Amino acid sequence: MISITGFKTESLAIGLMSGTSLDGVDAALVRIKGSGLTTTSRLIAYVQLPYEEGFREQIKALCNIEQSSVADVCSMNFLLADRFAAAAEAVCQQAGIAMDEVDFISSHGQTVWHIPKSDAAQSLARSTLQLGDLSVIATRTGRPVVGDFRPADMAAGGQGAPLVPYGDLILFGDALQGRVLQNIGGIGNCTVLPAACTADQVTAYDTGPGNMIIDQVVLELSGGKLAYDENGKWAAEGTPDKGLVAKMMQHPYFSQMPPKSTGRELFGAAYAAAVLAGARERGLSSADIVATATWFTAKSIADSYERWVFPKNKIDQIIVSGGGAHNEVLLAMLSELLPGRTVAKASSFGIDDDAKEALIFALLGNECIHGIPNNIPSATGAGRRVVMGKLALG
């Protein structure tokens with residue numbers, strides 16, 4: 001396949017990511033050398049353009065079928081593309097690099113709805129929808145843009161998620177250490193890398209809510225003044241209600257065997273409201289509620305390892321990235337629940353905690369433009385390896 005980078009062995013790329021936490025657009029400017037599993041990369045610059053509260057609530061409304069319309073979805077597709085383009089411009093400006101020096105941009109987009117399995121009762125087909133139109137980004141930046149990765153995997157029988165395992169293998173695969181890469185964004189997702197594993201031996205799945213429930217209860221309890229629990233300070237003042245968490249863990253998602261993926265359609269505002277109502281019925285203080293939501297995230301992650309990872313794999317290290325890596329209380333809870341294993345941040349391995357997923361999407365885009373399959377069927381359930389991604393020329 002002809003590469004749009006003209007068979008260059010080294011490329012300058014921008015990876016763009018907006019996750020289920022709806023913090024904003026992450027942009028990573030990355031120097032990439034080579035392709036395939038021997039690819040090397042270096043992060044040059046990283047920025048996040050945060051969403052203002054009103055815009056964030058607009059996106060959340062799209063994830064609620066009772067609050068959104070086709071017109072809202074159509075409009076947001078272009079509005080988000082403008083935000084992605086602005087983030088690409090901002091990271092170039094921070095690095096002092098002209099946009100025309102960038103070989104390509106790779107954008108995950110913003111997931112607003114994800115149906116990993118068909119629902120015959122509601123006549124819903126397996127499908128997924130990410131907003132942030134590629135042509136708008138390409139026109140505004142003047143660069144080729146790769147994106148819309150998930151549908152190719154779903155067309156091959158997979159769930160279209162998680163997408164990061166291929167990049168995790170490139171960045172963190174180790175000959176001696178068994179590792180779990182745990183990203184904690186709005187949703188938690190993990191990649192299991194046994195020591196000296198091949199791509200076929202990698203497994204991955206969504207563990208469940210990451211910051212999503214914590215953020216929503218903090219927003220409600222603070223009367224809209226706080227969007228998240230900075231460094232876990234509020235949770236540190238409370239005591240988790242482990243009995244309530246045990247009830248929350250009865251949600252059918254947690255007993256579902258991987259491969260599996262989820263999002264706001266299961267664990268969005270409505271679910272958080274139910275958690276909040278249940279906590280208030282039990283007489284919990286605001287600090288106790290935040291601590292309980294935080295313990296729920298930690299427990300859902302650790303429980304998933306006990307069910308699906310540890311029985312089959314020798315794991316030495318848990319490496320955490322994403323916004324949850326800044327929550328010291330959450331990390332302490334994970335360490336408590338995972339005795340005998342090291343819980344560390346991605347930054348301890350030279351990878352920026354916040355930039356990791358945007359960096360990985362630059363790597364996935366690099367594979368796409370070189371025609372190299374970039375999904376992991378053992379993680380997504382796809383029937384075969386495929387090249388994920390579509391291209392819009394600038």
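With which residue does E336 form a salt bridge? The partner is K242, and the closest N and O atoms of the two are 4.0 Å apart. E336 belongs to helix α13 (residues 328–337) and K242 to helix α8 (residues 242–248), so this pair ties together parts that are 94 residues apart in sequence. Helices here are DSSP runs of H or I with at least four residues, strands are runs of E with at least two, and both are numbered from the N terminus. A salt bridge is taken as a side-chain nitrogen of Lys or Arg within 4 Å of a carboxyl oxygen of Asp or Glu.

Before I continue, two remarks on the source. This is a predicted model, in which local features need pLDDT of at least 70 and side-chain atom pairs count only at pLDDT 80 or more, while totals for chains, interfaces and linings use all residues. Residues are numbered from 1 along each chain as its sequence is written, and side-chain values use heavy atoms, with hydrogens and water left out.

For accessibility, buried means under 20% relative accessible area, exposed over 50%, and partly exposed in between, with a 1.4 Å probe and protein chains only. E336 is exposed at 52%, whereas K242 is partly exposed at 44%. A further pair is D174 and R179, whose side chains meet at 3.8 Å, N to O. Here D174 is partly exposed at 24% and R179 is buried at 9%. D316 and K314 also form a salt bridge, with their closest N and O atoms 2.6 Å apart; K314 is exposed, at 64%. Finally, D82, E89 and R140 are linked in a network of salt bridges.

I turn to the spaces. On a 1 Å grid over the protein atoms alone, a cavity is a set of points where a 1.4 Å probe fits but cannot get out; a pocket is an open set with protein on both sides within 12 Å along at least five of seven lines; and lining residues have an atom within 4 Å of a point. Grid points are joined across faces, edges and corners, and a volume is the space filled by probe spheres set on the points.

The second largest pocket has a volume of about 880 Å³. Of its 37 lining residues, C63, W113, R264, E265 and L266 are the closest to its centre. Among the elements that each supply at least two lining residues are α1 (53–62), β4 (104–115) and α6 (212–221). In α6, nine of the ten residues are buried, and just after this helix G223 takes a positive phi of about 65°.

How many cavities of 30 Å³ or more does the search find? The whole structure has one, and the largest cavity has a volume of about 40 Å³. Its lining includes Y205, M249, F254 and K260, and β9 (203–209) and α12 (286–309) each supply at least two of the lining residues.

Lastly, the cysteines. With a disulfide defined as a pair of cysteine sulfur atoms within 2.5 Å, the search finds zero. For C190, the nearest cysteine sulfur, that of C197, is 13 Å away; C190 is buried at 1%. The sulfur of C368 lies 20 Å from the closest cysteine sulfur, in C92, too far for a bond, and C368 is buried at 9%.
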